[in-house]
Amino acid sequence: GTSSIRLPKIDLPSFSGVYSDWTSFVDMFKASVSSNTKLSKAEKLNYLKIAAKGDAGRLIKHFKITDENYDAAWMVLTERYQNKRAITKQHLDNLFNPPGMNTDGCPGLRELLEAFKENVISFELQGCKVQEWDPILIHILTGRLDPETRKQWELTLKGTDLPELKELVEFLDTRAKALENVGQTGTRDVPHSKQTQTSYTR
């Protein structure tokens with residue numbers, strides 16, 4: 001079992017079988033475990049079995065903790081979850097169906113913005129030409145904003161030219177910071193991702 005080896009303490013990512021979490025899980029697990037030359041493959045497998053939850057955990061739970069089984073267990077997970085179409089579909093679902101903001105408030109705006117950026121970055125990682133999507137992405141994102149934030153965004157626009165997505169992202173980031181500074185709060189239930197900390201650069 002996974003308790004038969006005394007393991008060094010590592011801050012592990014977890015993966016429960018959600019396609020949209022797979023890419024970031026792979027990156028973090030490789031950085032913290034797979035690339036650690038001080039660990040044997042048996043130890044790496046033990047960590048992998050601890051990190052894999054739910055459906056993902058069930059796929060590899062029968063692998064005994066041996067050096068030989070680490071690569072095989074990793075391959076099982078990769079063959080199941082390294083699915084570009086499924087990953088992209090889930091990020092599209094996340095993008096098109098986020099909860100909207102109920103009030104003009106900082107927590108809802110910040111969480112909406114961070115979730116949006118995470119999905120856009122994930123599309124880029126899957127090879128999508130996101131730089132060509134600005135009008136569509138702006139339409140989706142502004143459609144989730146509270147009325148006051150949407151009005152303030154419209155007031156920043158001059159003329160009839162199409163704005164760029166980075167302008168909207170910068171505006172929302174500035175507004176969220178302002179709301180944080182004045183201590184304004186809002187109500188909105190959004191699951192906060194513990195998987196990734198993302199930055200948006202284009």
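**Exercise 1.** Find which residues form one aromatic cluster, then take apart the pair of W22 and Y81.

*Solution.* Step 1: the cluster is made of F15, Y19, W22, F25, F29, W74 and Y81. This is a predicted model, where local features need pLDDT of at least 70, side-chain atom pairs count only at pLDDT 80 or more, and totals for chains, interfaces and linings use all residues. Numbering starts from 1 along each chain as its sequence is written, and side-chain values use heavy atoms, with hydrogens and water left out.

Step 1: count the pairs. There are 11 aromatic pairs in the structure (ring centres of Phe, Tyr and Trp, the latter by its six-membered ring, within 6.5 Å; planes under 30 degrees apart are stacked, over 60 edge-to-face, the rest tilted). W22 and Y81 make a tilted one, at 5.9 Å centre to centre and 35 degrees between the planes.

Step 2: W22 sits in helix α1 (residues 19-34) and Y81 in helix α4 (residues 67-81), 59 residues apart; helices here are DSSP runs of H or I, at least four residues, numbered from the N terminus.

Step 3: check burial. W22 counts as buried because its relative accessibility is 0%, and Y81 does so at 1% (buried is under 20% relative accessible area, exposed over 50%, partly exposed in between; 1.4 Å probe, protein chains only).

**Exercise 2.** Work out how α2 and α4 pack.

*Solution.* Step 1: the axes of helix α2 (residues 41-51) and α4 come within 7 Å and cross at roughly 40 degrees. Axes are lines fitted to C-alpha atoms, for helices over the stretch in contact, with angles from 0 to 180 degrees between N-to-C directions.

Step 1: α2 is therefore oblique to α4 (under 35 degrees is roughly parallel, over 145 roughly antiparallel, 65 to 115 roughly perpendicular, the rest oblique).

Step 2: list the contact (heavy atoms within 4.5 Å). K41, A42, K44, L45 and L48 of α2 meet D67, N69, Y70, D71, A73, W74 and L77 of α4.

Step 3: sort by class. You get seven nonpolar, one polar and four charged residues (Ala, Val, Leu, Ile, Met, Phe, Trp, Tyr, Cys and Pro are nonpolar; Asp, Glu, Lys and Arg charged; the others, Gly among them, polar).

**Exercise 3.** Now try α8 and α9: at what angle do they pack?

*Solution.* Step 1: the angle is about 125 degrees, with the axes 11 Å apart, so α8 and α9 are oblique to each other.

Step 1: the contact uses E148, T149, Q152, W153 and T156 of α8 and E167, L168, F171, L172 and R175 of α9.

How values were computed:
Helix = DSSP H or I, 4+ residues; strand = E, 2+ residues; numbered from the N terminus.
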